[in-house]
Amino acid sequence: MPFNKSMIIIASTRYEHGRHTAARWSTHNANLRMLAASPRGFLGADNLYDYEYLRYFTGLGAESMRFVPDPCAYANGTYAPDPELRPRFLVGHHPSRGDRPVSVFFAEFAETLRALGL
């Protein structure tokens, strides 16, 4: 393993995110297979969909990776937005980017609705 350290990778949402070419995804899969084969590596997913997705696309068997239940599974809350307060979109916010991506999204969406006469 790099730097002679253990590595833990938990896929939580489509593990290939950011690898937009077949070559990059293939290289990523090869790296994950090396990680899974190492005694210092741990590969898993925190939901069953991504666990099976990871197994399918890497070709790894159940003996090479683990299902790690989401640590927030204890939360009993639900998300119920008030449609009067906000359009029906949940848009992520990243502190380093400020509100620009969110405001751009809603401005362009509003313009699209106006253009469509909606």
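# Notebook: contacts, charges and helices in a predicted model

I began with the contacts. Residues 24 or more positions apart account for 49% of the contacts in the protein that have a separation of 6 or more. I note for the record that the model is predicted.

**Entry 1: the outline.** I looked up the secondary structure and found 3 helices and 3 strands. Read from the N terminus, the elements run β-α-β-α-β-α. I also looked up burial: of the 118 residues in the protein, 20% are buried.

**Entry 2: two helices.** I looked at how H1, residues 22-37, packs with H2. The angle is about 105 degrees and the axes are 10 Å apart. That makes H1 roughly perpendicular to H2, because angles from 65 to 115 degrees count as such. On the H1 side, I listed Trp25, Asn29, Leu32 and Arg33 as making the contact. On the H2 side, the contact is made by Tyr53, Leu54, Phe57 and Thr58.

**Entry 3: salt bridges.** How many salt bridges does the count come to? I found 3. I took them one by one.

One joins the side chains of aspartate 50 and arginine 14, with N to O at 3.2 Å. This pair links distant parts of the chain, 36 residues apart: aspartate 50 is in helix H2, and arginine 14 is in the loop between E1 and H1. I then checked how accessible each partner is. Aspartate 50 has 2% relative accessibility, so it counts as buried. Arginine 14 has a relative accessible area of 29% and is therefore partly exposed.

Another salt bridge is formed by glutamate 52 and arginine 55, whose closest N and O atoms are 3.5 Å apart. Both residues are in helix H2, and they are 3 residues apart, so about one helical turn separates them. I noted glutamate 52 as partly exposed, with a relative accessible area of 41%. Arginine 55 also counts as partly exposed, at 26% relative accessibility.

The pair still to be listed is arginine 114 with glutamate 111, where the closest N and O atoms are 3.0 Å apart. These two lie in helix H3 (residues 100-116), again 3 residues apart, so they are separated by about one helical turn. Arginine 114 is exposed, because its relative accessible area of 54% is over the 50% cut-off. Glutamate 111 has a relative accessible area of 44% and is partly exposed.

**Entry 4: arginine 14.** I went back to arginine 14 for its place and its backbone. Strand E1 covers residues 7-11, and arginine 14 sits in the loop between E1 and H1. The phi of arginine 14 is positive, at about 35 degrees, although the residue is not a glycine.

**Entry 5: aspartate 46.** Aspartate 46 is one of them. I found aspartate 46 in the loop between strand E2 (41-45) and helix H2 (48-58). Which side chain of opposite charge is nearest to aspartate 46? It is that of arginine 14, 8.3 Å away. Leaving out residues up to four places away in sequence, I listed what aspartate 46 touches: Ile10, Ala11, Ser12, Phe67, Val68, Pro69 and Asp70.

**Entry 6: glutamate 16.** Glutamate 16 is also buried and has no salt bridge. Its place is in the loop between E1 and H1. The nearest side chain of opposite charge is that of arginine 14, 6.0 Å away. I found a polar contact of 3.0 Å between the side chains of glutamate 16 and tyrosine 53. Not counting residues up to four places away in sequence, glutamate 16 touches Trp25, His28 and Tyr53.

**Entry 7: phenylalanine 67.** Phenylalanine 67 lies in strand E3, residues 66-67. With a relative accessible area of 36%, phenylalanine 67 is partly exposed. Phenylalanine 67 and leucine 48 are 19 residues apart in sequence, yet 7.0 Å apart in space, C-alpha to C-alpha. Setting aside neighbours within four places in sequence, I listed the contacts of phenylalanine 67 as Ala45, Asp46, Asn47, Leu48 and Tyr51.

Methods:
Residues are numbered from 1 along each chain as its sequence is written. This is a predicted model: local features need pLDDT of at least 70, side-chain atom pairs count only at pLDDT 80 or more; totals for chains, interfaces and linings use all residues. Side-chain values use heavy atoms; hydrogens and water are left out. Helices (H or I, at least four residues) and strands (E, at least two) are DSSP runs, numbered from the N terminus. Buried means under 20% relative accessible area, exposed over 50%, partly exposed in between (1.4 Å probe, protein chains only). Lys and Arg count as positive and Asp and Glu as negative; His and the chain ends are not counted. A salt bridge is a side-chain nitrogen of Lys or Arg within 4 Å of a carboxyl oxygen of Asp or Glu. Contact means heavy atoms within 4.5 Å. Axes are lines fitted to C-alpha atoms, for helices over the stretch in contact, and angles run from 0 to 180 degrees between N-to-C directions. Angles under 35 degrees count as roughly parallel, over 145 as roughly antiparallel, 65 to 115 as roughly perpendicular and the rest as oblique. A polar contact is a pair of N or O atoms within 3.5 Å; within protein, one must be able to donate a hydrogen and the other to accept it, and residues adjacent in sequence count only if both atoms are side-chain atoms.
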